[in-house]
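Hi everyone, thanks for coming. Let's take a look together at the structure on the screen.

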Amino acid sequence: FGGAITQATLSGNGFPWLYATKESKLSMSASPATASSAFAGARKSTTSRVARKAEGGYKMSAAVPFLPASPTLAGLADEETGFDPMGFSLAWDIRWLREAELKHGRVCMLATTGWIATDLGLRVPGDAFQVSSIDAHNASVKFGGMPQILLWIGLLEVFGALAMIQMYTGKTDRTPGDFGLRTFYPADEKGQYDMQLKELRNGRLAMLAYSGIVTIAVFTGAKWPFIQNYPGLQAVADDHRQATGSAFCGARRPSPAPAATARRAMETSKSLPFLPKPKNLEGLAGGEAEFDPLCLAEIYDVRWLREAELKHCRV
C-alpha cells in the first residue's frame, strides 16, 4: 500500500502508474556496454532480460510479479528482476541511484568483513587498536584518527563527484560505479556482467548484514557470530579479559578492565534466534512466534500495540 501511494503520487496515474507504457512504444534494449566498464555499475550490451509480460503488453517485474517493471532499469545489471516497487527510479536519475547503491554496498562489504575480523581477534599493532568493534568509533575519536579518515574519504568523494558530473553532462561514457579498476575484471562480456551482478547482490546483502550485525552487537554486547556454543568458534570474550596484544604477532595478555563485550546468557526468539526472547507477548494470537525485534512490547502496553496493529491492517 505504501508503494501504491508513492507511485500514484509521483506519476499522477492509476495502476500501474507511470510504468504503464505499452511495450510496442517502449524500447527496453540496453545501450552498448564499453570494455572499460568496471564492477557492477556497468550496463550490459545485450537486450533486456525482462521477459515477463502482463495482459495488455506490459512487462511485469519478476521480483514483484503483481507490479510492472520500471523501464528505467533497462540495460542495468540485475534488470531482469525488475525490482523497484516504490518507483524510485521514476523520481530520480537511475544513474545516481545505482551509483549510491554500489557505493553503499562496497562500504558495507568492507565494514562487514572488518567487523567480523575484529570480533575474531585480528588487530593491527598499537594500543589504540586493541578495542572491540563496538568501541572502535569512540576510541578513534578519542585517539584522533577520525579527522584523517574524513580527509582521505573526502578526497575520494571529490574525485568521485567530478567523475559523476562528467557522466551526467555526457562528456564521458562512464557508467555508474566505474572507477577504472580492472585487476580481476573479466575480458569477456558475459564474465563482466556476471561480475557486476555478483558485486551488486553481495553489496545489497552486506548492507543488510552490517545493519543486523551492529544492531545485535549493541543489543547483546556479544561478538560475532552472536550464537552461544557455536561449534568451532568462540562467540564472545571472557568477562575479565579482552585482546590487548597484536593478533598478527600472536600476542594476547589479560586486561585489568572487564571486556566491553561480555557474554550474556539469554533466551532467544523463535522467529529471530539471534535476538533475545521478547516479553509480554504471552496469550496473544501469534505470540508463540515471539516476534518483536524492537522490543516495543516492553516499552508500550501490548494491548495498545495489538489494537493499533489490527486497526491498521483492517484499514
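Let me start with a question: which residue forms a salt bridge with Arg-303? The partner is Asp-301, and the closest N and O atoms of the pair are 2.8 Å apart. Please keep in mind that this is a predicted model. Arg-303 is exposed, at 63% relative accessibility, while Asp-301 is partly exposed, at 38%.

Now come with me to helix 3. Here Arg-98 pairs with Glu-101, with 3.2 Å between the closest N and O atoms. The two sit 3 residues apart in helix 3, so about one helical turn separates them. Arg-98 counts as buried because its relative accessibility is 5%, under the 20% cut-off. Glu-101, at 22%, counts as partly exposed. Both take part in a network of salt bridges that also links Asp-78, Arg-201 and Arg-204.

Next, Arg-106 and Glu-199 form a salt bridge at 2.6 Å, N to O. Glu-199 is in helix 6 and Arg-106 in helix 3, so this pair ties together parts 93 residues apart in sequence. Glu-199 is buried at 12% relative accessibility, and Arg-106 is buried at 17%.

Finally, how does helix 3 pack with helix 5? Their angle is about 155°, and the axes are 11 Å apart. That makes the two helices roughly antiparallel, and the crossing is right-handed. In this contact, Arg-95, Trp-96, Glu-99 and Lys-103 of helix 3 meet Glu-157, Met-164, Met-167 and Tyr-168 of helix 5. By class, that gives 4 nonpolar, 4 charged and no polar residues.

Technical notes
Residues are numbered from 1 along each chain as its sequence is written. This is a predicted model: local features need pLDDT of at least 70, side-chain atom pairs count only at pLDDT 80 or more; totals for chains, interfaces and linings use all residues. Side-chain values use heavy atoms; hydrogens and water are left out. Axes are lines fitted to C-alpha atoms, for helices over the stretch in contact, and angles run from 0 to 180 degrees between N-to-C directions. Helices (H or I, at least four residues) and strands (E, at least two) are DSSP runs, numbered from the N terminus. Angles under 35 degrees count as roughly parallel, over 145 as roughly antiparallel, 65 to 115 as roughly perpendicular and the rest as oblique. A crossing is left-handed if the near helix is turned anticlockwise from the far one by less than a right angle, and right-handed if clockwise. Contact means heavy atoms within 4.5 Å. Ala, Val, Leu, Ile, Met, Phe, Trp, Tyr, Cys and Pro count as nonpolar, Asp, Glu, Lys and Arg as charged, and the others, Gly among them, as polar. A salt bridge is a side-chain nitrogen of Lys or Arg within 4 Å of a carboxyl oxygen of Asp or Glu. Buried means under 20% relative accessible area, exposed over 50%, partly exposed in between (1.4 Å probe, protein chains only).
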